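Open the model and keep both chains in view.

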Amino acid sequence: MTAVADLPVYDSSQPRTPLVTELQNFWRYRRLIRLLVARDLTTRYKRSVLGVWWTLLNPLLTAAVMYLVFGVAIGGRFGETDEPYVVYLLAGVLFMVFFGQGMLSTASSIAGAKAILSKVYVPAEVFAFATAVAALANFGFSLFPLLLAQLLTGIGVPWTAVFVVVPVLAMLALVIGSGMMIAAAAVYFYDVLDLTRVFVQLLQYLTPVFYPLSFIPAEWLGLYKTNPLFSYLDNFRNVMYRGEFGPAWQWWYMVITAVLVLMIGVWAFSKSWRTLAMQL
Amino acid sequence: MTTAESQPLIEVDNVSLAYTLNRDRAGTVKEFAFQLLKRQITAEKFLAVDDVSFRVNRGETVAMIGRNGAGKTTIMKVVARVLPPTDGRVVVRGVVAPMIALGAGFNNELNAIENIVLFGTLLGRDPDDMLDRAHDIGEWAELTDFMDVPIRSYSSGMMARLGFAVAADVDPDVMVVDEVLSVGDESFQRKSFEKMQSLMAGGTAVLLVSHVLDKVLEVADRVIWLQKGRIQMEGDPEEVVEAYRESFG
(Lines give C-alpha, C1' and ligand atoms only; values in the text may rest on other atoms or scores of the structure.)
Protein backbone atom coordinates (compact mmCIF):
# COMPACT_ATOMS: atom_id res chain seq x y z
CA MET A 1 0.00 0.00 0.00
CA THR A 2 1.42 3.40 -0.95
CA ALA A 3 1.80 5.84 1.89
CA VAL A 4 -0.85 8.53 1.78
CA ALA A 5 1.84 11.19 1.59
CA ASP A 6 3.03 9.77 -1.77
CA LEU A 7 -0.37 9.82 -3.45
CA PRO A 8 -1.21 12.38 -6.11
CA VAL A 9 -3.25 15.18 -4.59
CA TYR A 10 -6.14 17.18 -6.00
CA ASP A 11 -6.54 20.43 -4.09
CA SER A 12 -9.37 22.63 -5.34
CA SER A 13 -7.79 25.70 -3.73
CA GLN A 14 -4.74 25.50 -5.97
CA PRO A 15 -4.98 28.29 -8.51
CA ARG A 16 -4.82 27.65 -12.22
CA THR A 17 -2.04 29.41 -14.11
CA PRO A 18 -3.21 30.17 -17.65
CA LEU A 19 -0.92 28.70 -20.34
CA VAL A 20 1.26 26.84 -17.81
CA THR A 21 -1.51 24.57 -16.55
CA GLU A 22 -2.58 23.79 -20.11
CA LEU A 23 0.96 22.94 -21.19
CA GLN A 24 1.39 20.66 -18.18
CA ASN A 25 -1.91 18.98 -18.97
CA PHE A 26 -0.95 18.41 -22.61
CA TRP A 27 2.18 16.66 -21.43
CA ARG A 28 0.54 14.77 -18.58
CA TYR A 29 -2.23 13.53 -20.85
CA ARG A 30 -0.06 12.86 -23.92
CA ARG A 31 -1.05 9.18 -24.02
CA LEU A 32 -4.71 10.10 -24.00
CA ILE A 33 -4.10 12.69 -26.71
CA ARG A 34 -2.40 10.07 -28.87
CA LEU A 35 -5.32 7.74 -28.35
CA LEU A 36 -7.92 10.43 -29.10
CA VAL A 37 -6.12 11.39 -32.31
CA ALA A 38 -5.99 7.78 -33.46
CA ARG A 39 -9.66 7.37 -32.55
CA ASP A 40 -10.57 10.52 -34.43
CA LEU A 41 -8.80 9.32 -37.56
CA THR A 42 -10.29 5.83 -37.51
CA THR A 43 -13.87 6.42 -36.35
CA ARG A 44 -14.79 9.50 -38.33
CA TYR A 45 -15.55 7.52 -41.45
CA LYS A 46 -15.90 4.09 -39.90
CA ARG A 47 -19.49 3.59 -40.94
CA SER A 48 -19.04 4.94 -44.45
CA VAL A 49 -18.35 2.73 -47.45
CA LEU A 50 -15.01 4.25 -48.37
CA GLY A 51 -13.77 4.46 -44.78
CA VAL A 52 -10.61 6.41 -44.13
CA TRP A 53 -10.27 7.19 -47.82
CA TRP A 54 -12.86 9.89 -47.29
CA THR A 55 -10.21 11.83 -45.42
CA LEU A 56 -8.39 12.14 -48.70
CA LEU A 57 -11.32 12.17 -51.06
CA ASN A 58 -13.26 14.90 -49.35
CA PRO A 59 -10.86 17.79 -50.05
CA LEU A 60 -9.94 16.26 -53.40
CA LEU A 61 -13.54 16.24 -54.56
CA THR A 62 -13.98 19.79 -53.35
CA ALA A 63 -10.94 20.77 -55.39
CA ALA A 64 -12.21 18.83 -58.39
CA VAL A 65 -15.56 20.61 -58.31
CA MET A 66 -13.84 23.99 -58.06
CA TYR A 67 -11.54 23.03 -60.92
CA LEU A 68 -14.50 22.18 -63.12
CA VAL A 69 -16.38 25.35 -62.20
CA PHE A 70 -13.61 27.92 -62.21
CA GLY A 71 -10.89 26.31 -64.30
CA VAL A 72 -12.97 24.72 -67.05
CA ALA A 73 -16.52 26.11 -67.12
CA ILE A 74 -15.71 29.74 -66.41
CA GLY A 75 -12.14 29.34 -67.53
CA GLY A 76 -10.19 32.29 -68.82
CA ARG A 77 -9.00 34.58 -66.10
CA PHE A 78 -9.20 32.04 -63.27
CA GLY A 79 -6.48 30.03 -64.91
CA GLU A 80 -4.17 33.07 -65.10
CA THR A 81 -1.95 31.78 -62.31
CA ASP A 82 1.82 31.55 -62.71
CA GLU A 83 1.63 27.83 -62.13
CA PRO A 84 -0.72 25.11 -63.38
CA TYR A 85 -4.16 25.88 -62.02
CA VAL A 86 -4.56 22.35 -60.60
CA VAL A 87 -1.58 22.77 -58.30
CA TYR A 88 -2.56 26.30 -57.31
CA LEU A 89 -6.10 25.26 -56.51
CA LEU A 90 -5.20 22.05 -54.73
CA ALA A 91 -2.67 23.75 -52.48
CA GLY A 92 -5.18 26.47 -51.65
CA VAL A 93 -8.12 24.16 -50.96
CA LEU A 94 -6.14 21.66 -48.87
CA PHE A 95 -4.53 24.32 -46.71
CA MET A 96 -7.77 26.22 -46.16
CA VAL A 97 -9.69 23.03 -45.38
CA PHE A 98 -7.10 22.41 -42.68
CA PHE A 99 -7.85 25.87 -41.30
CA GLY A 100 -11.64 25.83 -41.61
CA GLN A 101 -12.44 22.27 -40.62
CA GLY A 102 -9.64 22.16 -38.07
CA MET A 103 -10.91 25.26 -36.31
CA LEU A 104 -14.56 24.20 -36.42
CA SER A 105 -13.92 20.69 -35.15
CA THR A 106 -11.64 22.02 -32.40
CA ALA A 107 -14.32 24.52 -31.46
CA SER A 108 -17.01 21.85 -31.20
CA SER A 109 -14.78 19.32 -29.44
CA ILE A 110 -15.54 20.49 -25.90
CA ALA A 111 -19.29 20.47 -26.32
CA GLY A 112 -18.91 17.10 -28.06
CA ALA A 113 -17.05 15.60 -25.11
CA LYS A 114 -19.73 16.81 -22.70
CA ALA A 115 -20.82 13.29 -21.75
CA ILE A 116 -17.31 12.47 -20.62
CA LEU A 117 -16.37 15.83 -19.13
CA SER A 118 -19.42 15.98 -16.88
CA LYS A 119 -18.67 12.60 -15.32
CA VAL A 120 -14.95 11.92 -15.43
CA TYR A 121 -12.23 14.42 -14.69
CA VAL A 122 -10.13 15.11 -17.76
CA PRO A 123 -8.81 18.60 -18.51
CA ALA A 124 -11.14 19.88 -21.25
CA GLU A 125 -8.31 21.44 -23.26
CA VAL A 126 -6.97 17.95 -23.93
CA PHE A 127 -9.94 17.29 -26.22
CA ALA A 128 -9.44 20.54 -28.10
CA PHE A 129 -5.75 19.84 -28.58
CA ALA A 130 -6.30 16.25 -29.73
CA THR A 131 -8.90 17.38 -32.27
CA ALA A 132 -6.55 19.99 -33.72
CA VAL A 133 -3.74 17.43 -33.97
CA ALA A 134 -6.10 15.05 -35.77
CA ALA A 135 -6.86 17.82 -38.26
CA LEU A 136 -3.12 18.24 -38.74
CA ALA A 137 -2.72 14.51 -39.42
CA ASN A 138 -5.55 14.65 -41.94
CA PHE A 139 -3.85 17.54 -43.66
CA GLY A 140 -0.58 15.60 -43.66
CA PHE A 141 -2.20 12.76 -45.59
CA SER A 142 -3.71 15.19 -48.06
CA LEU A 143 -0.23 16.44 -48.99
CA PHE A 144 0.31 13.26 -50.99
CA PRO A 145 -2.16 14.11 -53.75
CA LEU A 146 -0.68 17.60 -53.89
CA LEU A 147 2.83 16.22 -54.29
CA LEU A 148 1.51 13.88 -56.95
CA ALA A 149 -0.07 16.80 -58.82
CA GLN A 150 3.21 18.70 -58.63
CA LEU A 151 5.08 15.76 -60.12
CA LEU A 152 2.51 15.08 -62.84
CA THR A 153 2.36 18.71 -63.98
CA GLY A 154 6.14 18.85 -64.19
CA ILE A 155 6.57 21.47 -61.43
CA GLY A 156 8.30 18.96 -59.25
CA VAL A 157 9.15 19.39 -55.60
CA PRO A 158 11.73 22.11 -54.84
CA TRP A 159 14.13 21.81 -51.91
CA THR A 160 12.33 24.64 -50.12
CA ALA A 161 9.43 22.22 -49.58
CA VAL A 162 11.05 21.00 -46.37
CA PHE A 163 10.14 24.39 -44.90
CA VAL A 164 6.39 23.71 -45.20
CA VAL A 165 6.56 22.66 -41.57
CA VAL A 166 6.73 26.36 -40.61
CA PRO A 167 3.47 27.53 -42.22
CA VAL A 168 1.85 24.24 -41.25
CA LEU A 169 2.80 24.59 -37.58
CA ALA A 170 1.77 28.24 -37.62
CA MET A 171 -1.58 27.14 -38.99
CA LEU A 172 -1.84 24.52 -36.25
CA ALA A 173 -1.28 27.23 -33.64
CA LEU A 174 -3.95 29.37 -35.30
CA VAL A 175 -6.36 26.43 -35.34
CA ILE A 176 -5.79 25.59 -31.66
CA GLY A 177 -5.96 29.20 -30.48
CA SER A 178 -9.05 30.25 -32.40
CA GLY A 179 -10.69 26.86 -31.87
CA MET A 180 -10.32 27.04 -28.08
CA MET A 181 -11.60 30.59 -27.99
CA ILE A 182 -14.73 29.59 -29.89
CA ALA A 183 -15.06 26.35 -27.91
CA ALA A 184 -15.44 28.33 -24.69
CA ALA A 185 -18.12 30.50 -26.27
CA ALA A 186 -19.90 27.53 -27.88
CA VAL A 187 -20.64 25.99 -24.49
CA TYR A 188 -22.76 29.05 -23.63
CA PHE A 189 -24.33 29.72 -27.00
CA TYR A 190 -24.77 26.92 -29.46
CA ASP A 191 -25.18 29.18 -32.47
CA VAL A 192 -21.63 30.47 -32.12
CA LEU A 193 -20.55 27.54 -34.26
CA ASP A 194 -22.95 28.51 -37.05
CA LEU A 195 -21.70 32.08 -36.94
CA THR A 196 -18.14 30.81 -37.10
CA ARG A 197 -18.95 28.67 -40.11
CA VAL A 198 -20.17 31.74 -42.00
CA PHE A 199 -17.14 33.71 -40.86
CA VAL A 200 -14.78 30.97 -42.05
CA GLN A 201 -16.45 30.97 -45.45
CA LEU A 202 -16.06 34.72 -45.69
CA LEU A 203 -12.38 34.46 -44.79
CA GLN A 204 -11.88 31.83 -47.44
CA TYR A 205 -13.32 34.12 -50.11
CA LEU A 206 -11.00 36.87 -48.90
CA THR A 207 -8.01 34.60 -49.41
CA PRO A 208 -6.74 33.67 -52.90
CA VAL A 209 -7.78 30.01 -52.75
CA PHE A 210 -9.28 29.51 -56.19
CA TYR A 211 -8.70 32.86 -57.91
CA PRO A 212 -5.33 34.37 -58.85
CA LEU A 213 -4.04 37.38 -56.95
CA SER A 214 -4.32 39.41 -60.17
CA PHE A 215 -8.09 39.53 -59.50
CA ILE A 216 -7.52 42.09 -56.78
CA PRO A 217 -7.26 45.69 -58.03
CA ALA A 218 -3.81 47.10 -57.28
CA GLU A 219 -5.16 49.87 -55.02
CA TRP A 220 -6.89 47.32 -52.79
CA LEU A 221 -3.96 44.94 -52.56
CA GLY A 222 -2.47 46.52 -49.42
CA LEU A 223 -5.73 46.21 -47.51
CA TYR A 224 -6.34 42.75 -48.95
CA LYS A 225 -3.04 41.49 -47.58
CA THR A 226 -3.90 42.51 -44.00
CA ASN A 227 -5.92 39.28 -43.92
CA PRO A 228 -3.39 37.11 -42.04
CA LEU A 229 -4.53 34.01 -43.93
CA PHE A 230 -3.09 35.50 -47.11
CA SER A 231 0.39 35.31 -45.59
CA TYR A 232 -0.14 31.76 -44.34
CA LEU A 233 -1.30 30.52 -47.71
CA ASP A 234 1.24 32.43 -49.76
CA ASN A 235 4.14 31.24 -47.60
CA PHE A 236 2.82 27.72 -47.96
CA ARG A 237 2.60 27.94 -51.74
CA ASN A 238 5.99 29.64 -52.03
CA VAL A 239 7.95 26.94 -50.26
CA MET A 240 5.78 24.04 -51.36
CA TYR A 241 6.15 24.37 -55.12
CA ARG A 242 7.46 27.78 -56.18
CA GLY A 243 10.87 27.10 -54.67
CA GLU A 244 11.11 30.55 -53.08
CA PHE A 245 10.45 32.17 -49.72
CA GLY A 246 8.69 35.36 -50.76
CA PRO A 247 8.67 38.60 -48.75
CA ALA A 248 10.03 38.42 -45.20
CA TRP A 249 7.15 40.44 -43.73
CA GLN A 250 4.76 37.64 -44.61
CA TRP A 251 6.73 35.26 -42.43
CA TRP A 252 6.84 37.69 -39.52
CA TYR A 253 3.15 38.43 -39.88
CA MET A 254 2.34 34.73 -39.92
CA VAL A 255 4.45 33.78 -36.91
CA ILE A 256 3.35 36.74 -34.78
CA THR A 257 -0.37 36.26 -35.45
CA ALA A 258 -0.03 32.51 -34.84
CA VAL A 259 1.66 32.95 -31.47
CA LEU A 260 -0.73 35.74 -30.45
CA VAL A 261 -3.90 33.86 -31.36
CA LEU A 262 -2.62 30.71 -29.67
CA MET A 263 -1.82 32.54 -26.45
CA ILE A 264 -5.01 34.59 -26.36
CA GLY A 265 -7.12 31.51 -27.16
CA VAL A 266 -5.58 29.32 -24.48
CA TRP A 267 -5.68 32.18 -21.97
CA ALA A 268 -9.36 32.93 -22.65
CA PHE A 269 -10.15 29.25 -22.35
CA SER A 270 -8.27 28.98 -19.10
CA LYS A 271 -10.02 32.02 -17.65
CA SER A 272 -13.48 30.73 -18.47
CA TRP A 273 -12.73 27.23 -17.24
CA ARG A 274 -14.74 27.49 -14.00
CA THR A 275 -17.91 28.72 -15.62
CA LEU A 276 -17.30 26.27 -18.44
CA ALA A 277 -17.31 23.31 -16.05
CA MET A 278 -20.60 24.53 -14.54
CA GLN A 279 -22.26 24.90 -17.94
CA LEU A 280 -21.40 21.45 -19.19
CA MET B 1 0.41 5.57 12.71
CA THR B 2 2.31 8.55 11.32
CA THR B 3 0.58 11.86 10.78
CA ALA B 4 0.63 11.32 7.03
CA GLU B 5 -1.13 7.97 7.37
CA SER B 6 -3.92 9.50 9.36
CA GLN B 7 -4.63 12.07 6.65
CA PRO B 8 -8.07 11.44 5.18
CA LEU B 9 -8.30 10.60 1.48
CA ILE B 10 -11.26 12.90 0.97
CA GLU B 11 -11.46 16.23 2.74
CA VAL B 12 -14.42 18.47 2.08
CA ASP B 13 -14.20 21.77 3.95
CA ASN B 14 -17.08 24.24 4.01
CA VAL B 15 -17.89 23.53 0.40
CA SER B 16 -20.68 25.40 -1.31
CA LEU B 17 -21.68 25.16 -4.92
CA ALA B 18 -23.95 27.64 -6.61
CA TYR B 19 -25.48 27.05 -10.00
CA THR B 20 -26.45 30.08 -12.01
CA LEU B 21 -30.10 29.73 -12.80
CA ASN B 22 -31.00 31.96 -15.68
CA ARG B 23 -34.73 31.55 -15.85
CA ASP B 24 -34.86 32.27 -19.54
CA ARG B 25 -31.28 31.38 -20.20
CA ALA B 26 -30.19 32.62 -23.57
CA GLY B 27 -29.14 29.61 -25.59
CA THR B 28 -27.94 31.56 -28.58
CA VAL B 29 -26.07 34.74 -29.29
CA LYS B 30 -29.20 36.08 -30.95
CA GLU B 31 -31.36 35.56 -27.85
CA PHE B 32 -28.63 36.95 -25.65
CA ALA B 33 -28.41 40.08 -27.74
CA PHE B 34 -32.19 40.56 -27.54
CA GLN B 35 -32.20 40.06 -23.79
CA LEU B 36 -29.32 42.45 -23.40
CA LEU B 37 -31.25 45.08 -25.31
CA LYS B 38 -34.34 44.50 -23.21
CA ARG B 39 -32.20 44.38 -20.04
CA GLN B 40 -33.64 41.04 -19.12
CA ILE B 41 -30.54 39.20 -18.04
CA THR B 42 -31.41 37.58 -14.78
CA ALA B 43 -28.77 35.54 -13.07
CA GLU B 44 -30.32 33.81 -10.10
CA LYS B 45 -28.05 31.72 -7.96
CA PHE B 46 -29.15 28.36 -6.70
CA LEU B 47 -27.16 26.84 -3.86
CA ALA B 48 -27.04 23.13 -4.62
CA VAL B 49 -24.53 22.52 -1.85
CA ASP B 50 -24.43 24.79 1.17
CA ASP B 51 -21.44 24.81 3.51
CA VAL B 52 -20.82 21.07 3.66
CA SER B 53 -17.84 19.56 5.48
CA PHE B 54 -16.89 15.92 5.96
CA ARG B 55 -13.98 13.55 5.67
CA VAL B 56 -13.51 10.02 4.38
CA ASN B 57 -10.56 8.01 5.64
CA ARG B 58 -8.64 5.19 4.05
CA GLY B 59 -10.67 1.99 3.96
CA GLU B 60 -13.79 3.79 5.06
CA THR B 61 -17.16 3.78 3.31
CA VAL B 62 -19.38 6.79 3.68
CA ALA B 63 -22.85 6.84 2.20
CA MET B 64 -24.89 9.92 1.39
CA ILE B 65 -28.65 9.69 1.57
CA GLY B 66 -31.39 12.23 1.04
CA ARG B 67 -34.28 13.21 -1.18
CA ASN B 68 -33.83 14.04 -4.87
CA GLY B 69 -32.23 17.43 -5.24
CA ALA B 70 -30.54 17.32 -1.84
CA GLY B 71 -27.16 17.87 -3.49
CA LYS B 72 -25.79 14.32 -3.32
CA THR B 73 -24.73 14.03 -6.94
CA THR B 74 -23.32 17.55 -6.94
CA ILE B 75 -21.08 16.66 -3.99
CA MET B 76 -19.98 13.52 -5.84
CA LYS B 77 -19.04 15.61 -8.85
CA VAL B 78 -17.13 18.08 -6.70
CA VAL B 79 -15.17 15.23 -5.12
CA ALA B 80 -14.63 13.65 -8.56
CA ARG B 81 -13.16 17.00 -9.66
CA VAL B 82 -15.72 17.46 -12.40
CA LEU B 83 -17.21 20.56 -10.77
CA PRO B 84 -15.11 23.22 -9.03
CA PRO B 85 -16.55 24.33 -5.67
CA THR B 86 -17.87 27.89 -5.57
CA ASP B 87 -16.66 28.23 -2.00
CA GLY B 88 -14.62 26.14 0.36
CA ARG B 89 -11.97 23.58 -0.37
CA VAL B 90 -11.79 19.98 -1.52
CA VAL B 91 -8.70 17.82 -1.17
CA VAL B 92 -8.66 14.31 -2.63
CA ARG B 93 -5.62 12.08 -2.30
CA GLY B 94 -4.88 9.27 -4.72
CA VAL B 95 -6.32 7.81 -7.90
CA VAL B 96 -10.05 8.45 -8.17
CA ALA B 97 -12.43 6.08 -9.92
CA PRO B 98 -15.64 7.96 -10.60
CA MET B 99 -18.61 5.66 -11.00
CA ILE B 100 -21.15 8.33 -11.75
CA ALA B 101 -23.37 7.15 -14.60
CA LEU B 102 -21.43 4.09 -15.71
CA GLY B 103 -20.47 3.91 -19.33
CA ALA B 104 -20.26 7.70 -19.59
CA GLY B 105 -16.81 7.61 -21.14
CA PHE B 106 -17.67 5.08 -23.82
CA ASN B 107 -17.75 5.70 -27.53
CA ASN B 108 -20.64 3.97 -29.29
CA GLU B 109 -18.75 3.33 -32.50
CA LEU B 110 -15.87 1.50 -30.83
CA ASN B 111 -15.95 -2.10 -29.69
CA ALA B 112 -15.54 -3.25 -26.10
CA ILE B 113 -11.77 -3.69 -26.24
CA GLU B 114 -11.21 -0.25 -27.75
CA ASN B 115 -13.55 1.23 -25.15
CA ILE B 116 -11.74 -0.46 -22.28
CA VAL B 117 -8.50 1.09 -23.51
CA LEU B 118 -10.10 4.51 -24.04
CA PHE B 119 -11.93 4.65 -20.71
CA GLY B 120 -8.93 3.32 -18.78
CA THR B 121 -6.75 5.99 -20.39
CA LEU B 122 -9.33 8.65 -19.47
CA LEU B 123 -8.90 7.48 -15.88
CA GLY B 124 -5.16 7.96 -16.20
CA ARG B 125 -3.98 4.43 -17.01
CA ASP B 126 -1.49 3.48 -19.70
CA PRO B 127 -3.20 2.43 -22.97
CA ASP B 128 -0.85 -0.53 -23.47
CA ASP B 129 -1.55 -1.81 -19.95
CA MET B 130 -5.26 -1.50 -20.59
CA LEU B 131 -4.94 -3.48 -23.81
CA ASP B 132 -3.24 -6.26 -21.84
CA ARG B 133 -5.97 -6.15 -19.22
CA ALA B 134 -8.87 -5.92 -21.73
CA HIS B 135 -9.47 -9.65 -21.92
CA ASP B 136 -9.61 -10.12 -18.14
CA ILE B 137 -11.83 -7.09 -17.71
CA GLY B 138 -14.23 -8.36 -20.37
CA GLU B 139 -14.31 -11.77 -18.77
CA TRP B 140 -15.03 -10.27 -15.37
CA ALA B 141 -17.87 -8.25 -16.84
CA GLU B 142 -19.18 -11.50 -18.41
CA LEU B 143 -18.93 -10.04 -21.89
CA THR B 144 -16.30 -12.29 -23.45
CA ASP B 145 -18.56 -13.13 -26.39
CA PHE B 146 -19.23 -9.49 -27.18
CA MET B 147 -15.76 -8.00 -27.11
CA ASP B 148 -15.52 -7.14 -30.81
CA VAL B 149 -19.04 -5.75 -31.11
CA PRO B 150 -19.54 -1.97 -31.28
CA ILE B 151 -20.88 -0.73 -27.94
CA ARG B 152 -23.89 0.80 -29.64
CA SER B 153 -25.48 -2.64 -29.80
CA TYR B 154 -24.99 -3.23 -26.05
CA SER B 155 -27.86 -3.14 -23.62
CA SER B 156 -27.68 -0.57 -20.82
CA GLY B 157 -26.95 -3.36 -18.36
CA MET B 158 -24.01 -4.63 -20.42
CA MET B 159 -22.67 -1.10 -20.72
CA ALA B 160 -22.90 -0.53 -16.96
CA ARG B 161 -21.19 -3.84 -16.24
CA LEU B 162 -18.31 -2.96 -18.51
CA GLY B 163 -18.07 0.51 -16.97
CA PHE B 164 -17.91 -0.90 -13.48
CA ALA B 165 -15.35 -3.51 -14.49
CA VAL B 166 -12.97 -0.93 -16.00
CA ALA B 167 -13.33 1.57 -13.14
CA ALA B 168 -12.74 -1.13 -10.53
CA ASP B 169 -9.74 -2.45 -12.43
CA VAL B 170 -7.95 0.88 -12.06
CA ASP B 171 -7.22 -0.07 -8.43
CA PRO B 172 -8.46 3.25 -7.13
CA ASP B 173 -7.56 4.87 -3.82
CA VAL B 174 -10.89 6.68 -3.87
CA MET B 175 -14.14 5.47 -5.36
CA VAL B 176 -17.03 7.80 -5.95
CA VAL B 177 -20.05 5.62 -6.50
CA ASP B 178 -23.45 6.87 -7.60
CA GLU B 179 -26.15 4.23 -7.25
CA VAL B 180 -24.17 1.50 -8.94
CA LEU B 181 -24.90 -1.11 -6.31
CA SER B 182 -27.86 -1.84 -8.51
CA VAL B 183 -25.96 -2.63 -11.69
CA GLY B 184 -26.99 -5.65 -13.71
CA ASP B 185 -28.80 -8.74 -12.45
CA GLU B 186 -28.68 -10.18 -8.96
CA SER B 187 -25.61 -12.32 -9.52
CA PHE B 188 -23.65 -9.44 -10.99
CA GLN B 189 -24.74 -7.17 -8.15
CA ARG B 190 -23.31 -9.67 -5.70
CA LYS B 191 -20.11 -9.86 -7.69
CA SER B 192 -19.63 -6.09 -7.90
CA PHE B 193 -20.46 -5.79 -4.22
CA GLU B 194 -17.75 -8.32 -3.39
CA LYS B 195 -15.32 -6.48 -5.65
CA MET B 196 -16.02 -3.27 -3.80
CA GLN B 197 -15.54 -4.94 -0.46
CA SER B 198 -12.17 -6.33 -1.51
CA LEU B 199 -11.13 -2.84 -2.67
CA MET B 200 -12.26 -1.38 0.66
CA ALA B 201 -10.31 -4.04 2.52
CA GLY B 202 -7.30 -2.93 0.47
CA GLY B 203 -7.68 0.61 1.78
CA THR B 204 -9.87 2.27 -0.83
CA ALA B 205 -12.03 5.05 0.49
CA VAL B 206 -15.58 4.96 -0.83
CA LEU B 207 -18.09 7.75 -1.06
CA LEU B 208 -21.41 6.49 -2.29
CA VAL B 209 -24.93 7.63 -2.96
CA SER B 210 -27.87 5.29 -2.73
CA HIS B 211 -31.60 5.35 -2.29
CA VAL B 212 -31.61 1.69 -1.32
CA LEU B 213 -31.41 2.16 2.44
CA ASP B 214 -30.94 -1.52 3.24
CA LYS B 215 -27.90 -1.58 0.97
CA VAL B 216 -26.59 1.52 2.72
CA LEU B 217 -26.94 -0.17 6.11
CA GLU B 218 -25.09 -3.17 4.74
CA VAL B 219 -22.01 -1.35 3.41
CA ALA B 220 -21.60 2.03 5.09
CA ASP B 221 -19.37 2.80 8.07
CA ARG B 222 -20.91 6.22 8.33
CA VAL B 223 -23.93 7.90 6.79
CA ILE B 224 -24.49 11.54 5.87
CA TRP B 225 -28.06 12.69 5.46
CA LEU B 226 -28.36 15.68 3.18
CA GLN B 227 -31.30 18.00 2.95
CA LYS B 228 -31.49 20.99 0.63
CA GLY B 229 -27.75 21.09 0.21
CA ARG B 230 -26.92 20.98 3.90
CA ILE B 231 -25.88 18.16 6.19
CA GLN B 232 -28.89 17.32 8.31
CA MET B 233 -27.25 14.55 10.25
CA GLU B 234 -24.05 12.55 10.15
CA GLY B 235 -22.98 9.47 12.06
CA ASP B 236 -23.82 5.87 12.81
CA PRO B 237 -25.67 4.28 9.84
CA GLU B 238 -28.51 2.79 11.94
CA GLU B 239 -29.25 6.06 13.69
CA VAL B 240 -29.07 8.29 10.63
CA VAL B 241 -31.11 5.96 8.43
CA GLU B 242 -33.73 5.64 11.15
CA ALA B 243 -33.97 9.39 11.59
CA TYR B 244 -34.20 9.81 7.82
CA ARG B 245 -36.99 7.24 7.61
CA GLU B 246 -38.86 8.93 10.43
CA SER B 247 -38.67 12.28 8.64
CA PHE B 248 -41.17 10.92 6.10
CA GLY B 249 -43.64 10.52 8.96
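Which strand of chain B do 3 bridges join to β1(A)? The partner is β4 (residues 87-93) of chain B, and the two strands run antiparallel. Within this pairing, D11(A) has V91(B) as its bridge partner. Strands here are DSSP runs of E with at least two residues, helices are runs of H or I with at least four residues, and both are numbered from the N terminus. Two strands pair if DSSP finds at least two bridges between them.

A word on the model itself. It is predicted, so local features need pLDDT of at least 70 and side-chain atom pairs count only at pLDDT 80 or more, while totals for chains, interfaces and linings use all residues. Residues are numbered from 1 along each chain as its sequence is written, and chains are lettered from A and ligands numbered from 1 in the order in which they are written.

Now take in the whole contact between the chains. Chain A puts in 32 residues and chain B 39 residues. A contact means that the C-beta atoms of two residues, placed from the backbone, lie within 7 Å. On the chain A side, β1 (9-11), α2 (30-43), α5 (114-117), α8 (192-205) and α12 (273-279) each supply at least two residues. The most come from α2(A), with 5 residues. By class, this side of chain A has 21 nonpolar, 4 polar and 7 charged residues. Here Ala, Val, Leu, Ile, Met, Phe, Trp, Tyr, Cys and Pro count as nonpolar, Asp, Glu, Lys and Arg as charged, and the others, Gly among them, as polar.

Next, the interior. In soluble globular proteins, nonpolar side chains tend to be buried together. The largest nonpolar core in this model has 148 residues. Such a core is a set of buried Ala, Val, Leu, Ile, Met, Phe, Trp, Tyr and Cys residues joined through C-beta atoms within 7 Å. Buried means 20 or more other C-beta atoms within 10 Å of a residue's own, exposed means 12 or fewer, and partly exposed lies in between, with C-beta atoms placed from the backbone. L90(A), A91(A), V79(B) and V176(B) have the most contacts inside the core. Helix α4 (residues 85-112) of chain A gives the most to this core, with 18 residues.

V176(B) leads us to a sheet. It stands opposite L207(B) in β7(B). Strands β6 (residues 174-178) and β7 (residues 205-209) of chain B run parallel, joined by 5 bridges. The open sheet has 6 strands in the order β5-β6-β7-β3-β8-β9 (chain B), with mixed pairing. β5 (96-99) and β9 of chain B stand at the edges; each has a single partner strand, so one side of each lacks a neighbour in the sheet.

Follow the chain B sheet towards β9(B). Strand β3 (residues 61-65) runs parallel to β8 (residues 222-227), with 4 bridges. A63(B) has V223(B) as its bridge partner there. V223(B) also has a bridge partner in β9(B), namely G235(B). β8(B) and β9 (residues 230-235) are antiparallel, over 5 bridges. In their hairpin, with 2 residues between the strands, K228(B) takes a positive phi near 50°.

Finally, two other positive phi values. D51(B), in strand β2 (residues 44-56) of chain B, has phi near 55°. R81(B), in the loop between α2 (72-79) and β4 of chain B, has phi near 75°. D51(B) counts as partly exposed because it has 14 C-beta neighbours inside 10 Å. R81(B) also counts as partly exposed, with 19.
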